[in-house]
Amino acid sequence: MERAAASGLPQANVYGVRPRDPRCRSVRSVWFQCSGGEEQDSAMSTTIILDCDPGIDDALAIAFAAASPEIELAGITTVAGNVGLAKTTANALAVASFVGAADVPVTAGCAAPLLRPALDAGHVHGDSGLGGAVLPPSARLAGEEHATDFIIDTLAAAPGEITLVATGPLTNIALALRRQPRLADWVRDFVIMGGSASRGNVTPAAEFNIWADPEAAAIVFSAGWTVRMTGLDVTLLARATAAVQRRMRVLGLLGSRLLLPALAQYRDSADTTGEPPVHDVCAIVSIADPAVFSYTSALVQVETHGALTAGMTVTDFGATAGHNARVATGIDAGRFWETVLGAYQRLPVARDTARDTARD
Ligand code: BDR
Ligand code: CA
């Protein structure tokens, strides 16, 4: 606070977010670059809110977001998806604490899709949602407000500054947009893991996050912003291969307590080899290291009625107008894993082999 005042910057709001400063690229870089140069880390970083449903790959995405010097995690919001809301929230809290992000606000959102009954993917992510990983429960509780309040208030306090990322069903995001349509103008960027321009993974047509709440996805894709859709077309190529898992074995407790036991019980429908794709990590890597992915503009519409196709993201790369999405169409998988494993190495819990550091 004192440093912000001394630098002439506006005071932070309750979330620690200061309004936009045109001199700098992100809230964190405002802090680093405009505070007299006291910080050693002057890297440009992007501030994000991560809306997620942990979930094995969501958990790996939280760990990457906490580890990456290119990402500043302003908050985690949770939604029902892979497992129920109580579990996704408890998992988000536990993972955040485990990876040393116990100060990042965690806020719970919607417990069910907008119109449809709640469904889950416990058969993929295990009963707890974290596969075989058993982390100490966090001593923290989630914030008392609703996730949509957190999203709206945080973005309103820093228009143009914060990137919103969704790696679960889009229920919270759709509800937030319904409550505050200006959200679409306030985000710096909006990135999802979800959808597919080709095949689905729950049905031949639909990917899980869109299939779980297609009405929410339809609202989100027609909100007047550009959705950066990091879907199955690329995430199925980001696999934790045997070689990658060998490199995780030297990541201390991060590897032995979280990454490896979680992946060992990840029953992703695309995985018949013990080398599951880590879908959600892709969304965060696309922000931390944009060169990993290539994108093509398209018009994407969500099918909500089809008996066989509900949840399909109907992607028209040939549309001459009405583009509402940039769809990931290419990935450099080698660079992806160098970025992810390089970031993981930075976490204290990756260098700790004995002590149980998973405390708040
Ligand atoms: C998506 O579905 C979920 O099971 C994963 O966490 C990921 O977000 C992949 O289709
Ligand atoms: Ca997810």
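**Packing, burial and the ligand shell**

Q: The axes of α3 and helix α15 (residues 333-344) come within 8 Å and cross at roughly 70 degrees; what makes these helices roughly perpendicular to each other?
A: This is a predicted model, in which local features need pLDDT of at least 70 and side-chain atom pairs count only at pLDDT 80 or more, while totals for chains, interfaces and linings use all residues. Residues are numbered from 1 along each chain as its sequence is written, and chains are lettered from A and ligands numbered from 1 in the order in which they are written. Axes are lines fitted to C-alpha atoms, for helices over the stretch in contact, and angles between N-to-C directions run from 0 to 180 degrees. Angles under 35 degrees count as roughly parallel, over 145 as roughly antiparallel, 65 to 115 as roughly perpendicular and the rest as oblique. The crossing of α3 and α15 is at roughly 70 degrees, and the two helices are therefore roughly perpendicular.

Q: Which residues make the contact of α3 with α15, and how do they divide by class?
A: A63, F64 and A67 of α3 meet V340, A343 and Y344 of α15, where contact requires C-beta atoms, placed from the backbone, to lie within 7 Å. Ala, Val, Leu, Ile, Met, Phe, Trp, Tyr, Cys and Pro count as nonpolar, Asp, Glu, Lys and Arg as charged, and the others, Gly among them, as polar. By these classes the contact of α3 with α15 has six nonpolar, no polar and no charged residues.

Q: How do you know whether I219 is buried or exposed?
A: A residue is buried if 20 or more other C-beta atoms, placed from the backbone, lie within 10 Å of its own, exposed if 12 or fewer, and partly exposed in between. I219 has 20 other C-beta atoms within 10 Å and so counts as buried. I219 is found in helix α10 (residues 214-221), and, not counting residues up to four places away in sequence, it touches A174, L177 and R178.

Q: What makes α10 largely enclosed by the rest of the structure?
A: Seven of the eight residues of α10 are buried, so the helix is largely enclosed. Its cover includes α7 (171-179), α9, β6 (227-230), β7 (293-302) and β9 (325-331).

Q: How do you know whether A166 is buried or exposed?
A: A166, in strand β4 (residues 162-166), has 29 other C-beta atoms within 10 Å, and so counts as buried. Leaving aside neighbours within four places in sequence, A166 is in contact with D51, I173 and I192.

Q: Which residues come nearest to ligand 1?
A: Of the 15 residues around ligand 1, G55, D57, A121, F208 and H279 come nearest, a residue being near if its C-beta atom, placed from the backbone, lies within 6 Å. The shell divides into four nonpolar, seven polar and four charged residues. G55 lies in the loop between β1 (46-52) and α3 and is joined to P54 by a cis peptide bond, with omega about -10 degrees. H279 is one of the buried residues of α14, a helix in which ten of ten residues are buried.

Notes
Helix = DSSP H or I, 4+ residues; strand = E, 2+ residues; numbered from the N terminus. Contact = placed C-beta atoms within 7 Å.
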